[in-house]
Amino acid sequence: MGFTWVDARYFDGLSAQRRQVFVSLDVESQRLTIHDHLGADLDIWPLETLRQLRDDAGAGMVLCSGAVDPGEARVILANARAIAAIKAACPNLTKATVTPRTWGKIMAWVGASTAAVALMVFVIVPALAGQLAVFIPPEREARVGSAVLRQIERLLSDKDAGDWRCTNPKGQMALEQMAQALQQGQEFPYAIQVGVVDHKMINAFALPGGHIIVMRGLIEMAETPEQLAAVMAHELGHVAQKDPIEQALRAAGTAGLLSLVLGDATGGTVLALVGERLITAKNSRDVEARADDFALAQLAKAGVSPEALAEFFELLLQEMGDPAFDMGWISSHPPSVARAVHARAAVQTAQNYNKSVSSEEWQAIQQICAK
Amino acid sequence: MTDTLASQGEGAALAPVPLDGAFLTEKSKLFWLAFWTGLLTVLTLGIYRFWARTRLRRYIWSAIDAGGDSFEYTGMGLEKFLGFLIALVVLAVYLGLLQVGLSFIGFNLWGAVTLEPSGPRDVLIQVGATYVTGLAVLPLIFYAQYRSRRYMLSRTRWRGLRFGLDAAAWGYVWRALLYFALSLVTLGLLIPLSTFRLEKYMTDRMWYGDAVFEQQGQWWGLYPAMKHLLIALGVLVLGGAVGYFGLARGLGAVILIAGSIWFLCGLVYYQVESFKYLSAHKVLDGTVRFTSNASSHRVIGIFVLGIILIAILTFVLSVVLGVLIGIVFASGGSVMNGDGAGIGLFAGAGVAVALAAVLGYIAFLVLIGALVTVFISAPILGHYIDTLRVENAQPLEQINQRAGDRMADADGFADALDIGGAF
């Protein structure tokens, strides 16, 4: 079904002049002919090259010959029957042509950008963070740590400020004694400060500047003082390796990258958070493993059985299940089972191990949050 | 109207012909386009956003009509995607190194401060350490702004001719940084200088076909547009003074709230009035002039009405959704009461309900985004276009085509840095 001499507007793509033209569709010879107002042929377009402007708000149809952008001339049709006829006769109206060269370019840049992001996240930023962490003076680091501590205080205290820390003097003394024993043969650039937080969470962590925070929940869960000592030795390992400040630097370097990739798509922030966890998880599992090794060495020096660390992980497994069990590669820590096995391997059967602290001292630690 | 069209058609009329802008959209068409492309964007984890934005722009551009001829957007999703990949390589390296370096410096500075900031100097350092990263990204943001404007113009056509912007992004960056600093130091008093000079920098490098634009006028010509901002500041100071010195705490708070609302309206007023001034002093090809009759009342009205409408719509929809979910849960419960075999069935239903809830939530966010486009962003743009007029359109016919601008990185930097307005 063709048509002849239908009114249309024409822009030649060379000047801004608008021309009133007539167009004729000849299905037999597969072409659209554009006549000027005097009837002379202006242009002849083969039907297979015709492209339509898509997502058009107008009621008419904007046509060009060739791909939409480089094609210069435009015909704008308003006649509904002519539009229907063209839609029926032209096969490629909405076809986008992508050359193999363009695909090649896309592939190359997909590779390059993936490589660049991976290189930054897994190699350059961690290396840089490790290098720079050494250059932050200890007293500065300690102050950063105190500032972080105050942040945590704000986060955790649902009661009045100042109440969140457990300060029973006897317990504190015993705890410090325990920490002291674990520092044998190690030089720390700042005094190690151990503190207990009145919170039921089973957790402990190290902050920049030698702060080690143990939560009440962890002390309540521990069955022996040695298990607590094992956890503390692990956190001391983080302090010795300057892990907290290094991780802060590293997190700063990778923080924005994922939101760069995902853009401002709805829900993109959540995805970015999940992705970031995936990225940092691998790094931090190596760090955790090294802290475990440090802990085993220090426990041995203090005469405490490395088995305590294994016991602790097994306890953790019983108490909380192993979140890492199903998705080991997501977790920031290695699976507890593997860590327990590793710790048990360090036990030397020939050696006699001591208690970490006396039973009175252990009692004092257990009561450290009592008011 | 048809008379003018016919006479323009052959370039015969000699009298100066004004040419009016018009924004012609169908709300339902725009809504489904925005909603559908938004949904695809989420479902493809954001990858479709390049095509989504391209399609939305194509629609919006084609709805802009000047003298009977609509604009055309010729950008392509694929080229935007490629541009984004290129920008990503640069940004990943730059931002990664910058962030590590700056937080290193930040920790050193931060550490230098005593625990409780004891004087203004300490506070200043602390604030500085926090904002230094943002400042370091600022040049990139200005760079991206200019590049995305250049990309957008090079992909815009009217009557078959391309628009264009010269390749001069770095000149824009240092000027923008300078004026930004000046505005900051003078507590906003030099904002007109910044607005004017930056607009002039862009306009003087902007082309329609082979004809160049020029920004005339003076920067202090924008001060009348600041009127309501200054009044609002006065109100805010008064409210603070009444609350602080006077006994009437409540009255002070009321004045402060009024001042804040006034300030927001003042911002819109500044936008609209500066746009009108700048439009009136733009010249194309030495002869073609423009007039804008945009009204800040209308813009504020569209905004307020849009928000009320969206709030009502989302409320009604969430009630409907809540009832539906309730019904699903209730039917799940009745399965639970059946025999043992029903329990397995219920577990399946639970997963389905959870999935439906997540999908529903995402669809809900996309829906709000689409409603904002339809009831706020598009109508405001439409108002600016409806009230824009080209004073003497005759010389436009003499303008010829310009060469295309390839721009391999398209507006990738703007995309990666999340800037670039509603469309």
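By contact I will mean heavy atoms within 4.5 Å. On that definition, and bearing in mind that what you see is a predicted model, the contact between the chains takes 66 residues from chain B and 63 residues from chain A.

The size of an interface is often given as the accessible area lost when the parts come together. Here the area buried between chain B and chain A comes to about 5700 Å², with carbon and sulfur atoms giving 63% of it. On the chain B side, the residues that lose the most area to chain A are B:Val100, B:Phe104 and B:Phe107, which together account for 11% of what that side buries.

Turning to charges, the rule finds seven salt bridges across the interface of chain B and chain A. The side chains of A:Arg9 and B:Asp69 also meet in a salt bridge, with a distance of 2.4 Å from N to O.

Now to the helices of chain B, where helix 7, residues 191-203, packs with helix 9, residues 249-280, at an angle of about 45 degrees, their axes being 12 Å apart. Helix 7 of chain B is therefore oblique to helix 9 of chain B, and the crossing in which helix 7 passes helix 9 is right-handed. Helix 7 of chain B contributes B:Ile191, B:Pro192, B:Thr195, B:Phe196 and B:Glu199 to this contact, while helix 9 of chain B contributes B:Tyr270, B:Tyr277 and B:Leu278. Sorted by class, the residues in the contact of these two helices of chain B are six nonpolar, one polar and one charged.

Key. Residues are numbered from 1 along each chain as its sequence is written. Chains are lettered from A and ligands numbered from 1 in the order in which they are written. This is a predicted model: local features need pLDDT of at least 70, side-chain atom pairs count only at pLDDT 80 or more; totals for chains, interfaces and linings use all residues. Side-chain values use heavy atoms; hydrogens and water are left out. Axes are lines fitted to C-alpha atoms, for helices over the stretch in contact, and angles run from 0 to 180 degrees between N-to-C directions. Helices (H or I, at least four residues) and strands (E, at least two) are DSSP runs, numbered from the N terminus. Angles under 35 degrees count as roughly parallel, over 145 as roughly antiparallel, 65 to 115 as roughly perpendicular and the rest as oblique. A crossing is left-handed if the near helix is turned anticlockwise from the far one by less than a right angle, and right-handed if clockwise. Ala, Val, Leu, Ile, Met, Phe, Trp, Tyr, Cys and Pro count as nonpolar, Asp, Glu, Lys and Arg as charged, and the others, Gly among them, as polar. Buried area is the accessible area (1.4 Å probe) that two parts lose on being put together, summed over both. A salt bridge is a side-chain nitrogen of Lys or Arg within 4 Å of a carboxyl oxygen of Asp or Glu.
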